[in-house]
Amino acid sequence: MAADTSVEILQKVLENEILQTTKVVEEHLDAEMQKLDQMDEDELERLKQRRLEALKKAKQQKQEWLSKGHGEYREIPSERDFFQEVKESKNVVCHFYRDTTFRCQIMDKHLTVLAKKHVETKFLKLNAEKSPFLCERLRIKVIPTLALIKDGKSQDYVVGFTDLGNTDDFTTETLEWRLGCADIINYSGNLMEPPFQNQKKFGTSFTKLEKKTIRGKKYDSDSDDD
């Protein structure tokens, strides 16, 4: 009997919350409709023109990004190309990889998806073994590492899978969230709520990793298969 009463109380609480939410939405819509009703034809035309200008500007910006190689995840052949690429784009994600490291292939898969979704950011990959000077300059030791470059300067690093839950099965959304934390992409989600599939397993926070010192020209691998 007590259990039935508790269920009824819970149902009433949920119904009340739904009604309150619906009321707030309706009031907001009513206010917007009232604003539109109060506008004269000139005001409506100006509003229309502003929106068209915003759409035109956004389209032009996207075309500019695409002309600079945004919108696709691609490999650059040399260190010289790296400096040119980061010079012409505000936000760049560069994956320093190695052919024999399996986890680099996992990273490739997610970056391919994100490059198409976040056209505002350039996504690149560079073979670490063919870019010793750059790896030393950026203090890259663990493979894979993502160097997050803003305005031509290294802002942050995603080293291995540590910030992604320490698992090979992290989701694209998890990597997207991590890049959003570095403000290297336009992230629309809640940065305070990581999209981990299993909060207990992955935890709810990440540690911003410091740059590590190079020891010779050998790179540590975050993968267990080599």
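The largest pocket of this predicted model is lined by 13 residues, and Arg137, Leu138, Gly152, Lys153 and Ser154 lie nearest its centre. Its volume is about 170 Å³. Local features need pLDDT of at least 70 and side-chain atom pairs count only at pLDDT 80 or more, while totals for chains, interfaces and linings use all residues. Residues are numbered from 1 along each chain as its sequence is written, and side-chain values use heavy atoms, with hydrogens and water left out.

**Pocket**
- A pocket is an open set of points on a 1 Å grid over the protein atoms alone, where a 1.4 Å probe fits and protein lies on both sides within 12 Å along at least five of seven lines; lining residues have an atom within 4 Å of a point.
- Grid points are joined across faces, edges and corners, and the volume is the space filled by probe spheres set on them.
- α3, α5 and β6 each give two or more residues to the lining of the largest pocket.
- The lining comprises 7 nonpolar, 2 polar and 4 charged residues (Ala, Val, Leu, Ile, Met, Phe, Trp, Tyr, Cys and Pro count as nonpolar, Asp, Glu, Lys and Arg as charged, the others, Gly among them, as polar).

**Fold**
- The protein has 7 helices and 7 strands, taken as DSSP runs (helices H or I, at least four residues; strands E, at least two) and numbered from the N terminus.
- From the N terminus, the order is α-α-β-α-β-α-β-α-β-β-β-α-α-β.
- Of the 226 residues, 38% are buried (under 20% relative accessible area, with a 1.4 Å probe and protein chains only).

**Nonpolar cores**
- A nonpolar core is a set of buried Ala, Val, Leu, Ile, Met, Phe, Trp, Tyr and Cys residues joined through side-chain atoms within 4.5 Å.
- The largest core has 21 residues, of which Phe82, Phe96, Leu126, Leu138 and Ile140 touch the most other members.
- β2 (91-97) is among the elements that supply at least two residues of this core, and β2 gives the most, with 4 residues.
- Leaving aside neighbours within four places in sequence, Phe82 is in contact (heavy atoms within 4.5 Å) with Ile76, Cys94, Phe96, Leu126, Leu134, Leu138 and Ile149.
- Apart from this core lies another of 19 residues, including Leu164, Ala182, Ile184 and Ile185.

**Serine 131**
- Serine 131 sits in the loop between β3 and α5 and is buried, with a relative accessible area of 0%.
- The C-alpha atoms of serine 131 and glutamate 79 are separated by 5.8 Å, although the two are 52 residues apart along the chain.

How values were computed: Buried means under 20% relative accessible area, exposed over 50%, partly exposed in between (1.4 Å probe, protein chains only).
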